[in-house]
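Student: I would like a close look at a single part of this model. Please take me through it step by step, then show me what lies around it.

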Amino acid sequence: MVEATNDFVQEKETIVIKGNVSAAYAAKSARVQVISAYPITPQTTVVEKLSEFVDNGLMPGTQYIKVESEHSVMASIIAASKAGTRTFTATAGQGLFYMFEMLHWASGSRLPIVTTIASRGAAPPWNIWADFTDVISCRDTGWMTAFCATHQEIYDEILMSYKICEDSDVLLPKFVAYGGFILSHTSKPVIIEDQDLVDSFLPPLPDEKGWPHIWFDPERPLMFGNLIMPSGFYYEFRMKIHDAMVRAKEKIKRVAKDFEKIFGRNYGNGLTQEYKMDGADVGMVIYGDLALQMEQAVDDLREEGYKVGMIKLRHLRPFPVEDIIEIAKKVPLLGVVDRATAFGSPTGGPVSCEVKTALHEVKGTARILPMINGLGGREVTLEQQKVQLKMLIKLNETGELPKDMLYGTLWDGLLEVK
Amino acid sequence: MKNNGTVEITFHGRGGQTAITASQLLAQLAYEESFKDVIAIPIIGAERRGAPIQAFTKISRNKPIKTYDSVVNPDYIMVFDTSLLEIPRVKETIRDGVTLLINSAKSIDLSLFPKNLNIYLVDATGICINRGFMHSSGPILNIPMLGAFGKITGYYDLKIMEKVLKKEYGENRLEKNMTVAKDAYNSVREV
């Protein structure tokens, strides 16, 4: 078993770093004990930075495993987590797809693994730029999924995620996703927290007994995950995963509160974060990097006298049904922006589908305008987002739908296709 | 400067000329010089040595920067390679009122540009060759370009550069880094 060590010092400092480096610092601050790595753009510099930390002796006691594929990354991380260690890895796009089989093995074994995803478009054609289709394709694997809008949020969300995942009522793995290149390769100031403070926030590293639900003892070998007959507990295990996922909502809220108390940074209630919704006529539901820039669009339009607001969606799983209902009661119209696809689904966008589902049969809630934007890293400008907000206002006032709707969804910013 | 107090800088370089690192170092320099918020945005594709590349830095004295989009109306443009000035995509970014910092030993044909420009020249390539400040495929232009940029804008001085370069690249390379920074700081000239 890997030994927990205490012999490195991190004082609070603010450094200008890439989103990927922010993720690496978070893993270090969380004192992860096992990292398994395989590089893939745009995630590569996360594991590169961690390998540098390990090599320079800044993460004493941490085991860094190099393997030959993402499938093996997750297989080795599962083994390490089962042995009762805090684990970390990162991937993106095709790498995540290759890892897919093992994702169910992680959630089915109820392992609190945290994995960052520098989201990128799915090939073909090859695309390495921001698009959340990769992580959202894993929606039903039993992994929790969080989106980050800023470099600081990457660091903060990883810390919060360990606390959520390792809660004995949850014990599920989690993705922390952010837009490839837009966050992974741009640089901004990030506060790296004092190590003592992080230690006081996070649960202690697991002791030699490991996680509470796994009896792992080399002296008394056991098999894990063997065949279970239909009359066995497979069905009940599934019900319990769903139950844990839904109950994780309360944990996420509590952890966000604890986080704010200790570190002073607010992330709404953890699941969603409202921005200038008071007195708003219309609102935009949005996630990832586009959410930060939408804040600026809201600021600008508010200054011009437009009553607009937005809701940053922080978690896709568990899905914040109650929050969405509450917000949809405040305004008559909500736009929902997806930087991802769900081909053939009712709206074409995965999150707008979720929002519509949440509001189904709830009376007096907002009309929803599903939108898709910025696929494959297509640039979304501030001006474009301001036009989107104005379009919502117009739709609300006149009932006039924007041109170029495709089956009830607005694909904004398309090039002209002949 | 934009009405929200943000200064925006565009970098034009060729793959290997270290312009992307320059955009990031500039963000660090401005942050060290107590700008409230900064962001460096490289435009990354299939990088090849010699291919035209772009990067942007936005720096703000007072307000948080909430945008990730590209800079389209820069306040400053740094050109690492004069041959780029002939490329339409680069040329069209040079608009009225922009301040240009160009790496060039020779004077520039001003008929290429709008009239209302501030143009500064620094022989960053010459400085690098003279001081042996090279990597495997050419001069490391970012440090002298940033030295010259500090001089013409006054956003940071050599002391701040020393602090950031020491933190970033360590004590061993500091003297060499600072030599080329100073050379550029002292030799940049207005056209």
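Student: What should helix H4 of chain B span at 1.5 Å a residue, and how far apart are its end C-alpha atoms?

Tutor: Keep in mind that this is a predicted model. Helix H4 of chain B covers residues 142-153, twelve residues in total. The expected span is 1.5 Å times one less than the number of residues. That rule gives 16 Å for H4(B), and its end C-alpha atoms are 16 Å apart, so the two agree.

Next, burial. A residue is buried if 20 or more other C-beta atoms lie within 10 Å of its own. Ten of the twelve residues of H4(B) pass that test, so the helix is largely enclosed by the rest of the structure. Now look just past the end of the helix. There, Gly154(B) takes a positive phi of about 70 degrees.

Now to where the chains meet. The contact takes 16 residues from chain B and 17 residues from chain A. On the chain B side, two elements give two or more residues each: helix H1 (19-32) and strand S2 (37-42). S2(B) gives the largest share, six residues. By class, the chain B side has nine nonpolar, four polar and three charged residues.

Turn to chain A. Chain A has twelve helices and 16 strands. Its radius of gyration is 21 Å, close to the 22 Å that the globule rule gives for 418 residues, so chain A is as compact as a globular protein of that length. Its C-alpha atoms fill a box of roughly 70 × 55 × 45 Å along the principal axes. Buried residues make up 53% of the chain. Take the contacts in chain A between residues at least 6 apart in sequence: 80% of them join residues at least 24 apart.

Chain A is also assigned two domains: domain 1 (13-263) and domain 2 (274-412). Their C-alpha centres lie 28 Å apart. Across the boundary, 27 residues of domain 1 are in contact with 21 residues of domain 2. On the domain 1 side, the elements giving two or more residues are helix H5 (133-136), strand S6 (144-147), strand S7 (174-179) and helix H8 (234-263) of chain A. H8(A) supplies the largest share, five residues. That side of domain 1 has 17 nonpolar, seven polar and three charged residues.

Technical notes:
Residues are numbered from 1 along each chain as its sequence is written. Chains are lettered from A and ligands numbered from 1 in the order in which they are written. This is a predicted model: local features need pLDDT of at least 70, side-chain atom pairs count only at pLDDT 80 or more; totals for chains, interfaces and linings use all residues. Domain bounds come from an automatic or database domain assignment. Two residues are in contact if their C-beta atoms, placed from the backbone, lie within 7 Å. Helices (H or I, at least four residues) and strands (E, at least two) are DSSP runs, numbered from the N terminus. Ala, Val, Leu, Ile, Met, Phe, Trp, Tyr, Cys and Pro count as nonpolar, Asp, Glu, Lys and Arg as charged, and the others, Gly among them, as polar. The radius of gyration is taken over C-alpha atoms; the globule rule is 2.2 Å times the number of residues to the power 0.38.
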